Amino acid sequence: MNRGNGETDRRRRFGTLCESLRPDLLRFAWWLGRDRALAEDVVQESMLRAWKSFDSLTDESKAKAWLLTIVRREFARSFEKKRLELPDVDALVAAESAVLAAPGDARVGEMREAIFRLDADYREPLVLQVLMGYSTKEIAGMMGMQQGAVLTRLFRARAKLRQLLGLAPEAEA
Amino acid sequence: MITCLEFRRRVGAEPFTDDAEVAEHRQGCPVCARYQDELRAMDSLIQRALAVDPPAKAERVNAKGASRRRFFAIAASLVAGVAVGSILLVTAPRASVAREVMGHVTREAVESMARTAPLAPDAVAQVLGPDGMRLKPSAGIVTFAARCLFDGRVVPHLVVRTPEGPVTVLVLRHRSIGEPMHLDEQGYTGVVMPAPRGAIAVVGHDVADLDGVAKKVFDAVEFGG
C-alpha cells in the first residue's frame with residue numbers, strides 16, 4: 001500500500017515537473033537545433049531518460065537545470081546518431097519562419113533571426129543566461145567548460161549580434 | 001581602476017554584473033556607462049526574442065510515432081492530477097488576469113517554492129533589471145527569481161519569504177488594471193494591484209494578512225523609467 005502511494009507520488013511529482021518545465025525545455029531544444037521536429041523528438045526522448053533516472057534527482061529545486069542538461073546531452077546524442085549535416089541557415093530561417101515571426105514588433109523579429117543565425121557555440125550560452133537565467137558559473141557547469149570560456153562566448157555572442165543588427169562594432173576582448 | 005576595454009569585456013558578457021570594479025569605472029566614464037545601458041537595453045530585446053512560443057508539436061506520422069505516442073500516454077497519465085487542478089482553475093468564473101496569475105503560480109509552485117536559500121542580490125537584479133526595476137531588502141528574503149513566460153510576455157517572477165509566510169510576486173508591466181483585484185482559491189489568496197506601469201500580483205498560500213504583506217512588497221519595489 002505504502003509502496004503504491006510512493007509510486008503514485010513519484011509519478012505525480014514527475015508529471016508536475018513535465019507540465020511546468022516542458023515549454024522551457026522545448027524552447028531550449030529549439031534554440032539548440034533550430035528545428036521544431038527535432039526539438040520535439042529531443043524533449044520526448046529526454047523526458048523518457050529523465051523518468052528512468054528520476055530517483056537520481058535528489059533536489060527538485062534543481063529539476064530545471066537537471067532536465068536542461070539531459071536535453072543538451074540528448075541533442076548531442078541525436079546529432080551524432082542521425083549524423084545530422086550542418087544545415088543551410090537560410091533554409092532553416094525559411095523552414096522555421098512560423099516560430100521566428102514576431103507580429104507587431106519588428107525589432108524582436110530582427111533580433112530573433114539574428115540570434116537564430118549565431119553559431120551554436122554562442123547561441124547556447126546566451127539562451128542559458130538570458131532566457132533561462134543561469135549565472136556564468138552555472139552555465140560553465142552545464143556545458144562542462146571553464147567560466148572564462150563562457151564569458152568569452154557571451155561577449156562574442158553580443159558583439160556578433162551588434163554586428164548582425166548593424167550596431168556600432170565592439171572591440172574584441 | 002579597470003580600463004575601458006576591460007569594462008566593455010566584462011559588461012559584454014554580463015550586462016547586469018554587480019562587479020565592484022565595473023561599477024567604479026562606470027561612475028567615472030560616461031561613455032562606458034552609456035555603452036552598458038545600451039547593452040542592457042539590447043539584453044531586454046534579446047530576452048523577448050528568445051521567448052518564442054514553445055514550438056508546436058510536429059504533425060508527423062512515422063515509424064517512431066508509436067513509441068512517442070506511448071510516451072505521451074504515460075506523460076498524460078502522470079500529469080492528469082495536475083491537469084484536473086488546472087482545468088478547475090481555468091473554468092472558474094474570474095477575470096482573466098486573476099485566472100492567469102493563479103494558473104501560473106500553481107504551475108510553478110513545485111520549482112519556485114522548493115527553494116529556500118536566499119538569492120544573491122545580483123540574481124534578483126538580473127531578473128528585475130530588464131524591466132528597469134529594483135527590489136529593496138525591506139520586502140523580505142528573495143529565494144526564487146526567474147523571468148517567466150506569462151500571457152505571451154516575459155515577466156519577473158519572485159518568491160519572497162516574509163515573516164507572515166512566502167509569497168509569489170509577478171510583475172505584469174503589460175497588464176493595466178483600474179483597482180486592486182483579490183484572489184481567493186484553494187488555499188491561495190492574493191491581490192493584483194495597479195502599479196505605476198502595469199500591475200503587480202502578490203499571491204500566498206495560507207498567509208496571514210496577505211494584504212499587509214502585499215503592501216509591504218509593493219512599497220519595496222522601485223519602478224524605473
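Why does Pro166(B) count as buried? Pro166(B) has 21 other C-beta atoms within 10 Å, so it is classed as buried (20 or more such atoms means buried, 12 or fewer exposed, and in between partly exposed, with C-beta atoms placed from the backbone). Some friendly notes follow.

1. A word on the basis. This is a predicted model, in which local features need pLDDT of at least 70 and side-chain atom pairs count only at pLDDT 80 or more, while totals for chains, interfaces and linings use all residues. Residues are numbered from 1 along each chain as its sequence is written, and chains are lettered from A and ligands numbered from 1 in the order in which they are written.

2. Around Pro166(B). This proline is found in strand 4 of chain B (strands are DSSP runs of E, at least two residues, and helices runs of H or I, at least four, numbered from the N terminus). Not counting residues up to four places away in sequence, Pro166(B) touches Met113(B), Val159(B), Val160(B), Arg161(B) and Gly204(B) (contact means C-beta atoms, placed from the backbone, within 7 Å). Its C-alpha atom is separated by 9.2 Å from that of Asp206(B), 40 residues apart along the chain.

3. Strand 4 of chain B. Of the 8 residues in this strand (residues 165-172), 7 are buried, so the strand is largely enclosed by the rest of the structure. Its antiparallel pairing with strand 7 (residues 199-205) of chain B runs over 6 bridges (pairing requires at least two DSSP bridges). Leu172(B) has Ala199(B) as its bridge partner in strand 7 of chain B.

4. The largest nonpolar core. It has 49 residues, and Leu25(A), Ala29(A), Leu67(A), Val71(A) and Leu50(B) have the most contacts inside it (such a core is a set of buried Ala, Val, Leu, Ile, Met, Phe, Trp, Tyr and Cys residues joined through C-beta atoms within 7 Å). Helix 1 of chain A gives the most to this core, with 11 residues. Apart from this core lies another, of 38 residues, among them Met102(B), Leu128(B), Val171(B) and Ile200(B).

5. Helix 7 of chain A. Its 12 residues reach 15 Å from first C-alpha to last, close to the 16 Å expected at 1.5 Å a residue (the expected span is 1.5 Å times one less than the number of residues). Helix 7 of chain A is mostly covered, with 10 of its 12 residues buried. Just after this helix, Gly133(A) takes a positive phi of about 80°.

6. Chain B overall. Chain B has 7 helices and 8 strands, and buried residues make up 39% of its 225 residues.

Note on methods
Two residues are in contact if their C-beta atoms, placed from the backbone, lie within 7 Å.
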